[in-house]
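Below is a protein model to read alongside a short walk through some of its residues and helices. Keep the structure in view and find each place as it is named.

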Amino acid sequence: MDVARQIARAKTHLMLHQPFFGSLAMSLKFIEDSEISTMCTDGKSVRYSPAFVEKYATADSVALIEGVIAHEVMHVALKHMLRRGDFDHKLWNMATDYAINQIVVDSGLTIPECGLLDEQYRGMSAEAIYNRLLQDPPPEEEGEGWNFGGVEPATGEDGSELSEAEADLMEADINGMVLQAHASAKMQGKLPAGIDGMIEEMTKPQVDWRDKLRLFIGGDQPDDYTWRNPNRKWYSGYGIYMPSVEHFGAGHVVIGVDTSGSVSDAELSQFLGEINAVSEDMQPKSITVVGCDSKVQSVDEYDQGESVQSLNSTGRGGTRVSPVFDLIEQRNLECDSLIYFTDLHVWDFPDAPEYPVLWVSTDRPEAPFGEVVTAKL
């Protein structure tokens, strides 16, 4: 049987017995490519090596190919090609494989023996696994043999990097595919474990995290209104003079900034912009910015109204947050509230402090204490 028919046979079998994976597979174009060694996806199509398919498919069974196809469509469902950012390509592929393979195997499918599978990563996001791998690099002897299904960067029609608008459109298309696959599988009572949680996260209402940030610092009531500085949003957008909110100070704010290797330069740039917005809009009595990866890398103090020119992003190692809490205690820093910008791939949470804590997270939605607001950057 030729390889194209083997692929079609595997997709059909998935559609009948594993409709979530099967529906996603039917939504993607599969392309034969002799230039690659296994399978890979860029989120729009799946390319496969005919030699690879011949190796794992037989006249009697395409079970291993089904497992690999399920693996590939989960890369798409979880948008791994859109989430890679500045991560190392090989390490990101490994992290995403660890995240996916457990789901595929738990669903009753089989993957090739070379697939990366480790119980310690069960339920973890690819970013969290990446951070673990960054701190504890895998042995070199693993080579390329583990990678039976890679994830490639998403690109535009001309091969260039996706624009923000193109990335948003691709994300919306993938969400539509996943929701349709979820509905089909749920109707048949064959939904893989853990998928409901993914759908819940995908469909929950989005709250503007900047509003929550300002509410956390200043409360839900303004100190006063002033006509001295008209509301810029109303004036620039509608040409209407409206009063702006006037705050008389929000106390002493400490801001922790995650400068670990799992936080991208783009995220750090966004953090800087929001810190300055907090300084300008909320007028804290002071702002202390603490950069931290596995240890405190910088401490910069600013008086009321001062702008933060840059973030010290030295380090770029692993992620720990406890050094920031230790610093506040050891130096007896004035801290009426702590805001921590991070991806929340954290495993060293201290005990909850007496002051309020807001985690502005670019990925994980939970922390053992404080409020968490998810920032879509």
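Lys 79 sits in the loop between helix 4, residues 63–77, and helix 5, residues 80–83. The model is a predicted one, and every value here is computed from it. Is Lys 79 buried or exposed? Its relative accessible area is 13%, and buried means under 20%, so Lys 79 counts as buried. Its backbone also deserves a look: phi of Lys 79 is near 60°, which is a positive value in a residue other than glycine.

A second residue with a positive phi is Asn 332, which is not a glycine either and has a phi of about 55°. Asn 332 is also a loop residue, placed between helix 13 (322–330) and strand 10 (337–342). What is its relative accessibility? The value for Asn 332 is 65%, and exposed means over 50%, so this residue counts as exposed.

Go back now to helix 4, which packs against helix 6. The two axes are 9 Å apart, and the angle between the helices is about 125°. Because of that angle, helix 4 is oblique to helix 6. The crossing of helix 4 past helix 6 is right-handed. Which residues meet where these helices pack? Helix 4 brings Gly 67, Ala 70, His 71, Met 74 and His 75, and helix 6 brings Thr 96, Asp 97, Ile 100, Asn 101, Ile 103 and Val 104. Sorted by class, the residues of this contact are five nonpolar, five polar and one charged.

Helix 6 spans residues 89–106, and Gln 102 belongs to it. With a relative accessible area of 8%, Gln 102 is buried. What does Gln 102 touch, apart from its neighbours within four places in sequence? Its contacts are Leu 117, Asp 118, Glu 119 and Arg 122.

The last stop is Ser 49, in the loop between strand 3 (45–48) and helix 3 (50–56). Ser 49 has a relative accessible area of 4%, so it is buried. Leaving out neighbours within four places in sequence, Ser 49 is in contact with Asp 33, Ile 36, Ser 37 and Thr 38. For Ile 36 there is a further detail: its backbone oxygen lies 3.4 Å from a polar atom of the Ser 49 side chain.

Methods. Residues numbered from 1 in each chain as written. Predicted model: local features only at pLDDT ≥ 70, side-chain atom pairs only at ≥ 80, totals over all residues. Heavy atoms only, no water. Helix = DSSP H or I, 4+ residues; strand = E, 2+ residues; numbered from the N terminus. Buried < 20%, exposed > 50% of the residue type's maximum accessible area, 1.4 Å probe, protein only. Polar contact = N/O pair within 3.5 Å; in protein donor to acceptor, adjacent residues only side chain to side chain. Contact = heavy atoms within 4.5 Å. Axes fitted to C-alpha atoms, helices over the stretch in contact; angles between N-to-C directions. Parallel < 35°, antiparallel > 145°, perpendicular 65-115°, else oblique. Left-handed = near helix turned anticlockwise from the far one by under 90°. Nonpolar A, V, L, I, M, F, W, Y, C, P; charged D, E, K, R; others polar.
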